[in-house]
Amino acid sequence: MRLQYPGNIRIIRVPCTGKVDILHLLRAFEKGADGAYVVGCLEGDCRFDNGNLRARKRVEQAKEILDAIGIGGERVQMVNLSSGEGPKFAQVAMEMTEKIREAGPNPLKIVKEKNAA
Amino acid sequence: MIVAEKKPLEEIIEEVKDFNKILIAGCNECVTVCEAGGKKEVGILASALRMYFMNQGKKVQIEEITLERQCDHEYLEELRNSIDQYDAVVSLACGVGVQFMAEKYLTTPIFPGVNTCFMGVTEERGVWSERCQGCGQCILGKTAGICPISRCAKRLLNGPCGGSTKGKCEISKDLDCAWQLIIDRLKELGRLDDYEEIIPIKDWSTERAGGPRKVVREDVML
Amino acid sequence: MSAKTPSRLEKILDAGHMAVTSECGPPRGSDIEEVVEKAELIKNHVDAINITDNQTSVTRLCSLAACIRLKLMGLEPTLQMVTRDRNRIALQSDILGAAAFDIHNILCLSGDHQQFGDCPQGQNVFDLDSMQLIQTVKLMRDEGKFLGGDEINRPPRLFIGAAANPFADPFEIRVPRLAKKIAAGVEFIQTQCIYNLDKFELWMKNARDRGLHEKVYILAGVTPFKSAGMAKYMKNRVPGMDVPDDVVKRMSGVPKEKQAEEGIDICVESIQRLKEVEGVRGFHIMAIDWEEKVPEISERSGLFPRPKVE
């Protein structure tokens, strides 16, 4: 659709969000990502039956862990939309970026920069 | 199998916050099945701890390993050559494994990463429930395959008590009344008359009350 | 059935009279006079007074101490004993304690789970269940032996009682359960308080069909409602309690200041109806913290004065 969405987003494609493990999310933050969101099909429409439901549960778990260690659970989100909803995808991208901007950079990045200095 | 639950992250952090090189050791058996201490959980805990310490500005090295079991010598021996480099180990095995590791490696602090709960079954993914308390004298033949010691909140051998309501225990609507289950099953087996047989006073000496237990099989010892 | 013990309760039942018992809850402190006061209110209207044993798992002054106090006053106490808090050593020991003061009645119970009380984090014991406790008392009394086999010096002479709940689930084994307790050695039964008289009569009929009413003395339990709120609470929040809707409606249909009176009326009417049920050999009037009403209930039900026995 060639819609505009923020350039700070790195897209990682998966055959189904059910393939995304909690560890993938945690590792992303370990490596300095400021935010991560998992975009899956609308609930009830999953090609593989309930992959997107599993993904949601894992996102919830990741949130709890990120909160417990002081990184911030709001940095990870689950989003459901259909592959035809291009405009919504762009909108979500912008909303997510805004949210992460508000949350500030990943605290680990700051620590790493300090250590490197 | 033995069912355990992950300890809260805050508790584990509190246990290991003063160490600099930590090994997270999982177990490939029971705790893997109940999703508390297997390879996956080891990875998640390690990642979370790394990020926590980094955020605190502390340089801590966290490494991961998952052993086949932690209740047999041969698997714990696999750590013999590497364990001394760690200040501490968080074992995600059940209480048995944590202890066996501690008995083997006397100079390394071993911390538990899970709370060991009971011997039970997987009712469905994510739901595990208790079935056995290891009383040492199984009476399941008399009670139609349902154990009143582990499934009755009062471990009544001649139940049900007067609090049984609609098949549920008086202490919780989510708990089946073990004696209701026994009666139902006796009915299905055509053995409801057995209900009136008084089960005699139990010999608890083979249970925890008699002291820590041991099984010795001379016929298989080398 | 001829009286085996010096129990006044047993003698009255044995003589063919309707027996009346009631109960007092000990205080949550060491002022034993509180129990004495309650007992004084009812002593002329009952044949024996139960002292509850850490009822609902709330820690109270122990039943044994209160029973001894009443016995020393010349009253007839019934020691309630749950198996939740004591192992077999303590149970036998307390039985001897009761026997030492010539207490002649015991009610053998399992006990409410400690979750309901003030120590939900505590352990529970359940070394024995109520059935096995009945067997134990019988062994100690009739064979003069401890569970371990040794002889007892001056064995207890206890009239053995237990509870029955016709309203708990599953209904189909409630009479077999009564039969089981009789086989274990029970001699008198106090039932859970009755509001659903139809169901109780059905339970009694099933018991009679097996001849159980001739093997054990059944005392029907009754408790007067103080208020409509109490009726609703017991209906919805007490396990094993059966309070029919029309009884609750009757209590609610009366203005608040008249509800206590209505509760007593219902209680008296129940007793009148239950008197006619074959196999009912007496009543256990449970008016916890309302002991002052026991005399009125007893008199209006024609259960006063109490018969004299040797």
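Start by selecting B:Glu124 and B:Val127: B:Glu124 stands opposite B:Val127, which belongs to strand β7(B). Keep in mind as you go that this is a predicted model.

Now widen the selection to both strands around that pair. Strand β6 of chain B covers residues 114-124, and five bridges join it to β7(B), with the two running antiparallel. In general, strands of a sheet pair through backbone hydrogen bonds, either parallel or antiparallel.

Next, zoom out to the whole of chain B. Colour residues 2-118 as domain 1 and residues 133-209 as domain 2. The C-alpha centres of these two domains of chain B lie 37 Å apart.

Bring in chain A. Its contact with chain B takes 14 residues from chain A and 12 residues from chain B. On the chain A side, select α1 (22-30), α2 (51-68) and α4 (107-116), the elements that each give two or more residues. The largest share, six residues, comes from α1(A). Colour this side by class and you will find 11 nonpolar, one polar and two charged residues.

Last stop: chain C. Here 22 residues of chain B are in contact with 26 residues of chain C. The chain B side of this contact has 10 nonpolar, seven polar and five charged residues.

Note on methods:
Residues numbered from 1 in each chain as written. Chains lettered and ligands numbered in written order. Predicted model: local features only at pLDDT ≥ 70, side-chain atom pairs only at ≥ 80, totals over all residues. Domains from an automatic or database assignment. Contact = placed C-beta atoms within 7 Å. Nonpolar A, V, L, I, M, F, W, Y, C, P; charged D, E, K, R; others polar. Helix = DSSP H or I, 4+ residues; strand = E, 2+ residues; numbered from the N terminus. Pairing = 2+ DSSP bridges.
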